[in-house]
Amino acid sequence: MLYTLPPLTYGFGALEPYIDAQTMEIHHDRHHQAYITNLNAALKDHLGLQNKSLEEILTDINFVPESIRLTVRNHGGGTYNHNLFWQIMAPAGKLGGGLPVGKTARLIKEKFENFENFQHIFNNTAKSVFGSGWAWLVINQFGHLQVMATPNQDCPLMFGLKPILGLDVWEHAYYLQYQNKRPDYISAWWHVVNWQQVEANLHAILG
Ligand code: MN3
């Protein structure tokens with residue numbers, strides 16, 4: 001087994017009332033596990049790729065052998081994206097919610113003028129994803145922040161961009177609680193964003 005499911009650092013119900021326990025359990029234990037299982041199966045006979053980090057594989061996705069490239073794109077992306085997603089959330093009122101901190105706060109202000117404006121742009125990006133995908137806050141080649149969306153399980157790393165915050169807008173992420181009301185899920189999600197972790201992600205990239 002190359003990759004294993006990272007345990008959540010909080011309980012399935014810890015993000016309630018914003019994300020319900022059943023959604024968290026199915027999303028983590030079944031959906032995320034399935035991406036990992038399928039990624040491991042694809043890499044089974046590819047020793048060269050087994051010696052690379054997942055980040056390296058996704059960054060160089062075009063160098064993955066064509067016979068497994070789409071599988072690695074979908075399931076490697078799914079593995080990486082969910083690893084990040086669980087990390088950047090935390091129970092509301094503890095580490096979750098509130099405002100960006102440190103350098104993240106400064107760079108958001110520089111790029112988007114204020115937090116509300118950033119949030120507005122991010123929300124619209126997340127709402128506009130057609131079908132399944134993600135909204136992201138990434139660091140681009142110039143070390144600047146950027147908001148973007150990706151379809152399916154594509155990861156910003158595949159486009160030379162480094163994600164520090166991501167929102168899963170696949171229906172499996174919210175349908176039990178919010179049904180077709182994706183905007184309500186997006187609004188609620190801000191209450192569980194762990195800005196300390198986003199700040200740590202940013203520093204891991206920018207130093
Ligand atoms: Mn998902």
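**Reading a metal site and its core**

Q: Are His27 and His82 buried or exposed?
A: A residue counts as buried when its relative accessible area is under 20%. His27 is buried, and His82 is buried too. Keep in mind that this is a predicted model.

Q: Which protein atoms are donors of the manganese ion?
A: Look for N, O and S atoms within 2.8 Å of the metal. Here the protein donors are His27 (NE2), His82 (NE2), Asp168 (OD) and His172 (NE2). They lie 1.9 to 2.1 Å from the manganese ion.

Q: What spacing do the donors follow along the chain?
A: The pattern is H-x54-H-x85-D-x3-H. His27 and His82 link distant parts of the chain, 55 residues apart. His27 belongs to helix 1 (residues 21-43), and His82 to helix 4 (residues 66-87).

Q: Which residues touch the most other members of the largest nonpolar core?
A: A nonpolar core joins buried residues through side-chain atoms within 4.5 Å. The largest one has 45 residues. Met89, Phe118, Phe122, Leu137, Leu165, Tyr185 and Trp189 touch the most other members.

Q: Which strand gives the most to this core?
A: Strand 1 (133-139), with six residues. Helix 4, helix 8 (182-189) and helix 9 (195-206) are among the elements that each supply at least two. Domain 1 (21-87) and domain 2 (102-206) each contribute at least three residues.

Q: What does Tyr185 touch?
A: Leaving out residues up to four places away in sequence, its contacts include Phe85, Leu167 and Tyr178. Tyr185 also touches Asp168, one of the manganese donors.

Key:
Residues are numbered from 1 along each chain as its sequence is written. This is a predicted model: local features need pLDDT of at least 70, side-chain atom pairs count only at pLDDT 80 or more; totals for chains, interfaces and linings use all residues. Side-chain values use heavy atoms; hydrogens and water are left out. Donors are N, O and S atoms within 2.8 Å of the metal (3.2 Å for Na, K and Ca); water is not among the atoms, so sites may look incomplete. Helices (H or I, at least four residues) and strands (E, at least two) are DSSP runs, numbered from the N terminus. Buried means under 20% relative accessible area, exposed over 50%, partly exposed in between (1.4 Å probe, protein chains only). Domain bounds come from an automatic or database domain assignment. Contact means heavy atoms within 4.5 Å.
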